[in-house]
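Colleague: I have a model open here and would like to go through it with you. Could you take my questions as they come?

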Amino acid sequence: MSDEITEKEVEVFERLADLALKAERRKAVAGILSVWVPAANELSRKMAEPQHRALLPNVRFTHPAADEVTE
Amino acid sequence: MKHAAARDLYQHTLLEAAQLVEQRKVSPLDLTESVLKQIERAEPKINAFITVVADQARAVARAHEAMIQAGYYLGPLHGIPIALKDNLYTKGIRSTAGSKVLGDFVPKEDATVTARLKSAGAIIVGKTNMHEFAWGGTTDNPHYGPTRNPWNTERFPAGSSGGSGAAVAARECFGAIGTDTGGSIRLPSAVNGVTGIRPTIGRVSNYNIVPLAWSMDTAGPMTRTVADCAVMFSAIAGHDPKDEASARVPVPDYMAQLNQGIRGLRIGVVPDYFFSHLQPAVHDAVRGALKVLEGEKAQVVDVEIANIQGNISAQLTIESAEPSTYHQHWLRSRPQDYGEDVRVLLEVGEMLLATHYLQAQRYRTLLRHEFMEAFDAVDVFICPTLPFVATPVGATSVVIEGGKEEDMLSAIMQYTGVPSLTGLPSMSVPCGFSPDGLPIGMQIIGRPFDEATIFRVGHHFQQVTDWHTREPNV
């Protein structure tokens, strides 16, 4: 599968996101997605490996665990 | 380049100015007038400020002068002119976040950071320019004009806190507050030759600061010296019940620990990541700094972080998905009011998958575990702050090596993304200059909530080097 995200594919994403872009904007969006999405998929493959199965998302750092406080 | 000799008041460090105020050798009004004159001189070239509140600053300075004369001295920030990045709420002062969308926004309440600085007696002289909504690293702002680097006005000040970095370097204030999601305090600190710290997430309140990415946002000071930085940090650090992510961790006396030295300190480096893919001048300056620290009896230890590769993708995924969520309404109702670069990033952020976002957040956990394990063997990590020196104003790509042009946004986060993802505190400290006279910074990364050790290392480095004392001709 090619890494390139096409302007046609951006249109599909627009529908999913309920975000209507003018045609002239799709080229710039596709250009960035063509670089970022393959890198994100590579990271996803790594994180989907069995040895990482127990890891939780760290969406917000709240109060630290006592053993992380060094003062 | 100038070295400090017979100096005007605005050229003093924050602590030097504080001492003069405490001894009543100068008044807050003297300092404020000196800084306002420097702002008048520098702004036509630098454009570090979106708003200057000269009359209000003078009025506050007079009030503080009266307080001090009456014996009410509040401490080292009392009567000191400072600047705030324009995404911090300031009651009664326009707070645009560098945007047209918030171009007329005048908050009815201060950010907690603003309020704490006011309580410590600081005088706000203005609000600094920034990358629009902090979503970018150049401060090439389409609404308020680009900020320029005081060391070479053809070069950028980095960002997103580029106005704060340039204002400190150009001596337009004694210190400034920046915000940092993926590097936005440390990057402008490095390329403007100043010191700036990104705190541990949760150490400094984000209340009433316009967000970029909720799970990585922080606020911190940018100053001329590490000691000045510790003074400002002491005033803003600590739990804030108004910020749900604020940590209940005691704030130590940073000033008391500054002079404890670095003998025996273990400095970690990840050689195949920290010293690959960077410009030679940056490599040599940071390696030189490590040699200086070794000469001071610190020990440099090579460390492996097995999964450090991948951090830039994780950073970009999180830093685009979260802002796109925050901006969802405005992106549909006022898309034309965004600058082109930010608008396209917000559009891109709507098109990443939830699984991309959550795998990136799980990667943060993995990377943090690896760094926490490594902290058994080291006390701090040191690496470059960014792999290149200041690029021309308006550039969207950069050449790091081999003549190959790279996208600026990905390239600029090579080193600053790691603390942002792991939540670790990190500070950029000046450590050299390129052959063409552009500042270079090194990044000191510490354990969670151990900003004190970072300050100690940075301060010791500044006791045995003079990079931080150099001043641009503005």
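Colleague: To start, is B:R24 buried or exposed?

Modeller: B:R24 counts as exposed, because it has 11 C-beta neighbours inside 10 Å; a residue is exposed with 12 or fewer other C-beta atoms within 10 Å of its own, buried with 20 or more, and partly exposed in between, the C-beta atoms being placed from the backbone. Please keep in mind that this is a predicted model, in which local features need pLDDT of at least 70 and side-chain atom pairs count only at pLDDT 80 or more, while totals for chains, interfaces and linings use all residues. Residues are numbered from 1 along each chain as its sequence is written, and chains are lettered from A and ligands numbered from 1 in the order in which they are written.

Colleague: Where is B:R24 found, and what is its phi?

Modeller: B:R24 is in the loop between α1 (14–22) and α2 of chain B, where helices (H or I, at least four residues) and strands (E, at least two) are DSSP runs numbered from the N terminus. Its phi is near 60°, a positive value in a residue other than glycine, whereas most residues other than glycine have a negative phi.

Colleague: And B:N47, buried or exposed?

Modeller: B:N47 is buried, with 22 other C-beta atoms within 10 Å. The residue lies in the loop between α2 and β1 (49–52) of chain B, and it has a positive phi of about 60° although it is not a glycine.

Colleague: Switching to helices, at what angle do α2 and α3 of chain B cross?

Modeller: The axes of α2 (residues 28–46) and α3 (residues 54–69) of chain B cross at roughly 160° and come within 8 Å, with axes being lines fitted to C-alpha atoms, for helices over the stretch in contact, and angles running from 0 to 180 degrees between N-to-C directions. The two helices are therefore roughly antiparallel to each other, a term for angles over 145 degrees, as against roughly parallel under 35, roughly perpendicular from 65 to 115 and oblique for the rest.

Colleague: Which residues meet there?

Modeller: From α2(B), B:P28, B:L29, B:T32 and B:L36 meet residues of α3(B), among them B:A54, B:A57 and B:R58; contact requires C-beta atoms, placed from the backbone, within 7 Å.

Colleague: Last one, which peptide bond is cis?

Modeller: The bond from B:G159 to B:S160 is cis, with omega near 10°, and B:S160 sits in the loop between β5 (145–146) and α5 (162–169) of chain B.

Definitions and conventions
Contact = placed C-beta atoms within 7 Å.
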